[in-house]
Structures are given as structure tokens and as C-alpha cells.
Amino acid sequence: MFWGFWRNNKKADNYWKASITRINATHFDFALLNNNKQTRSYRRTDRKLIIDKVPSIGDLLPSSPVIAHQFGHSGWYRTGKVTGTSVDSWVEVQFDDGEKKWVKLEQVRLVSYPDFCSNVE
């Protein structure tokens, strides 16, 4: 499973939970899990998919780039950077739109791209 880039909104990139529907030599396509009718297609060299894996709290260093749940639908995450962590699995995120918020670890993903998006010439 992945998080697919949907659009930029108010200075932060928006990512939705997505599944890949097609990969070829130059492009990949995905559909949003909340509505399979909504799709996007990007070049494989574009870093528009983020791996859906909950990080360990020790992997979240200050200024680590992340996507995290900021508000709204639970399947919608926004870009930001880690500003702090707590021993009880909360992460402080400075979102790219300027808001700072404590988010549960389960609602944070380190920005990590699948190999097929970055190893294409």
C-alpha cells in the first residue's frame, strides 16, 4: 500500500491512501482507496508515492520529512517535518502550511519512496 500525491493545497502537499493500478516502463497509475474512480498517472521518475509503513519512534529525528494526518478524513495526510517526539508514541509535526500539531505515531509516515519511482532512467 502507498500514499499517492494528489495536489498541493495551502502550501502543503496532500497525499491519499492509494493502490497502484498500472506500472509500465515510463509511468505508474494509482487509484484512491476511498474512491477507485479517482486516479492519477505520473512518470516513474516523479516521486509521487510514499510507502505506507508506520515508523518506529526512534527513526523520527528532528527535521525528518513526513506525511501525517493533520485534520479531516483519516485517509488524507499532509507534508511536514518532525519537531519532536514523546515517550508515549506521539510525534510533533510542523506541517508545511505552518500549523504545528501532536500526532499519534500510527498516523505518521516517513517520506520513503518505492524503488520503482527512483531507480528509472
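Predicted model: local features only at pLDDT ≥ 70, side-chain atom pairs only at ≥ 80, totals over all residues.
1. The side chains of Arg109 and Asp52 meet in a salt bridge, 2.6 Å from N to O. Arg109 belongs to strand 10 (residues 108–110), while Asp52 sits in the loop between strand 5 and strand 6 (65–68), so the pair ties together parts that are 57 residues apart in sequence. Arg109 is buried, at 6% relative accessible area. Asp52 is partly exposed, at 22%.

2. A second pair joins Arg78 and Asp97. Their closest N and O atoms are 2.9 Å apart in a salt bridge. This pair, too, links distant parts of the chain: Arg78 is in strand 7, and Asp97 is in the loop between strand 8 (90–95) and strand 9 (100–104), 19 residues apart. Arg78 is buried, with a relative accessible area of 1%. Asp97 counts as partly exposed, at 28%.

3. Shared partners matter for the bookkeeping. The whole structure holds four salt bridges.

4. Asp29 deserves a look. Asp29 lies in strand 3. Is Asp29 buried or exposed? Its relative accessibility is 14%, under the 20% limit, so Asp29 counts as buried. Asp29 forms a salt bridge with Arg22, with the closest N and O atoms 2.9 Å apart. Arg22 is partly exposed, at 40% relative accessible area. Side chains of opposite charge can pair when their charged atoms come close.

5. The surroundings of Asp29 are also worth checking. Setting aside neighbours within four places in sequence, Asp29 is in contact with Ser19, Ile20, Thr21, Arg22, Arg40 and Ser41.

6. Next, the pairing of strand 3. Strand 3 and strand 4 (residues 35–43) run in the antiparallel sense and pair over six bridges. A hairpin of two residues joins strand 3 to strand 4. Within this pairing, Ala31 has Thr39 of strand 4 as its bridge partner.

7. The largest nonpolar core has 18 residues. Which of them touch the most other members? They are Trp3, Tyr15, Phe28, Phe30, Leu49, Ile67 and Phe116. Two or more residues each come from strand 1 (2–9), strand 2 (12–23), strand 3 (27–32), strand 5 (49–51), strand 7 (76–85) and helix 1 (115–118). Strand 1 gives the most, with four residues.

8. Another core lies apart from the largest one. This core has ten residues, among them Leu60, Val91, Leu105 and Val108.

Terms used. Residues numbered from 1 in each chain as written. Heavy atoms only, no water. Core = buried A, V, L, I, M, F, W, Y, C linked by side-chain atoms within 4.5 Å. Buried < 20%, exposed > 50% of the residue type's maximum accessible area, 1.4 Å probe, protein only. Pairing = 2+ DSSP bridges. Contact = heavy atoms within 4.5 Å.
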